[in-house]
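Here are a few exercises to work through with the model open. Try each one before you read its solution.

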Amino acid sequence: MAKGKDVAAMEIDEQNSTESDQINNPKFSVNVLQLLKSAQMQHGLRFGDYARYRRYCTARLRRLYKSLKFTHGRGKYTKRAITASTVTEVRFLHVVLYTAERAWSHAMEKKTLPDGPNARQRSYLIGRLRKAVRWASVLQELCAIKGDSRTSLEAEAYASYMKGSLLFEQDQHWDVALKCFKSARAVYEELGKYGDLENQVLCRERVEELEPSIRYCLHKAGESNIQTSELAQIGEMEGPALDLFKAKLEAVMAEARSQQAASMTAFHWLGEVFPVSNPKTRVSILKAQELENDINGPAADSLPTEKKLVIFDKIFAAYNEAQSSIRNDLATAGNSESMKDELNGLDKAIGAVLGRRTIERNQLLVAMAKSKLSRGRDDKNEKVTKPEELVRLYDLLLQNTADLSDLVSSGRNRKPEEETFAEECELKSFGFRAERCFYLAKSYSLAGKRAEAYVLFSRARSLADTALKKLQSFNNADQQVTIQELNKLYNDCRSNICIEHATGIMEEEKAPENLSKKISSISLSGNDKKLEKLLMEKLDSYESAMGDPTTKSTPRIEAFPPAFQAVARNPIVLDLAYNLIEFPSLDNRMKKEVKGFISRLWR
């Protein structure tokens, strides 16, 4: 019996000691990832502005030091360490976290300079990353003692990520960097299974941001054979955690292109071979050809249109760099006629390829405009697509085709391949003229001009028929898609001709009836015109005030400028008798001035 009482007393003592430990050593909770993501997105990193984020971290640390009364002396700096005994509230953990973030953002600011960091700035960058790793390790140690289990895990993942970033930038110990990134990924994968929905999304995003760095470390460690094109696809991802990876990727891509450029000696175009001797020109041409493979490759159909347009812009930039290098070589070629002829031929070939890619890009824009025209309205901003936009695009295509034909036709000795290419350009221009005429007829039809639309549809049909006959006589297997499009255009022109003809006859038949109705409704008072109510006057009824989107009608929302309204004001009093009134004298009521004897002498 006594032994049972002793056991019960020991259990009570253990419970009391546990409760006292929880009171004396409270466990703090910090959602590290969510705190950092919100701070980064709100203070610059949404736009890659690391300087702004660093200034925010500095200001935040100043506020934390002041609120915690944890300053470092007034006149002379006195270092005060943050230890486990110092952490009495959660804001001390925030101090350590923001100190690490300030050092990391300072390093990334140097990393993202326009011309890249020089040797001195790179040394400073490594020092900032080392400081960030040191403070992240302090945060991990403090959270292991003072934080709950989730906070401790997040701090461990944060410290692993910082250490991996340092090794990643130093280009050494790829196996250790891989281990750090994998450790951080494992923690975020586990944390993404629990908590609220926002936290789960953030953890999954962090896992996706870590994946490219892990694959790159595997590549550098020799455990994976990743092609350069695969690395480029990984580098298209976005996120603050990928900025270091993108800088490394650019260096790797430049190195790979330089190695390929060493084996590239000539540029082939229309059966001709043009030697390329300048390394810069080689690298630019290789870069453009890699991008062209992305557009024309097997995965091109899965690419969205906006991404294709971005790739086209990069192709144009690469070819423009190549042309600039060629023209610089021409300026320094001296009197060597053979070298000048080779460089002029290469410049002409690059210009022709650039013109061809410009036509392809404008055809892509035409396809986008046609899809929007068939839908009527855009899904994102509800913008009406008009036929006039397609007319403008076909004007550009006609100009591009004419420029390309002139470029290829220039020169004294024209080769059979160049003549064939010029004929292809002429055939394309016939198709573009037919399409332009068709959409010009569409614009007249929407404006209600039936006769003009009928004539233009007939002209478009004639142009399409001429282009079809020439294409069929050309016997080129690559023109099958163009022939199908022209056949569809020919049929559309025929159907629209019938529609415009019928609509015009109906309007002509109804014209006397409409005229008689208008004459019968004429009144001498001039009040026969019925005005539609404004939107502010019919808020109780669901009616559109914008009018028909296909016609140019003024929206009736509110009268502007507003009409004048009568406003009450104070009366105006005009006192006309004031100058004619004789007022009584008030001298007897005024105070008389008393003067002395001396003042009388000086009068």
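**Exercise 1.** Which helices do the buried residues of helix 2 pack against?

*Solution.* A word on the source: this is a predicted model, where local features need pLDDT of at least 70, side-chain atom pairs count only at pLDDT 80 or more, and totals for chains, interfaces and linings use all residues. Residues are numbered from 1 along each chain as its sequence is written, and side-chain values use heavy atoms, with hydrogens and water left out.

Start with helix 2, residues 32-42: its buried residues (under 20% relative accessible area, 1.4 Å probe, protein chains only) are Val32, Leu33, Leu36, Lys37, Ala39 and Gln40. Next, look for their partners: they pack against helix 3, helix 4, helix 6 (149-170), helix 7 (174-191) and helix 8 (197-221). Helices here are DSSP runs of H or I, at least four residues, numbered from the N terminus.

**Exercise 2.** Work out how helix 3 and helix 4 are arranged.

*Solution.* First, take the axes, lines fitted to C-alpha atoms over the stretch in contact, with angles from 0 to 180 degrees between N-to-C directions. Helix 3 (residues 50-68) and helix 4 (residues 91-111) pack at about 155°, axes 9 Å apart. That makes the pair roughly antiparallel, a label for angles over 145 degrees.

**Exercise 3.** Find how much of the protein chain is buried.

*Solution.* Go through the 603 residues of the protein chain: 36% count as buried.

Methods: Buried means under 20% relative accessible area, exposed over 50%, partly exposed in between (1.4 Å probe, protein chains only). Helices (H or I, at least four residues) and strands (E, at least two) are DSSP runs, numbered from the N terminus. Angles under 35 degrees count as roughly parallel, over 145 as roughly antiparallel, 65 to 115 as roughly perpendicular and the rest as oblique. Contact means heavy atoms within 4.5 Å.
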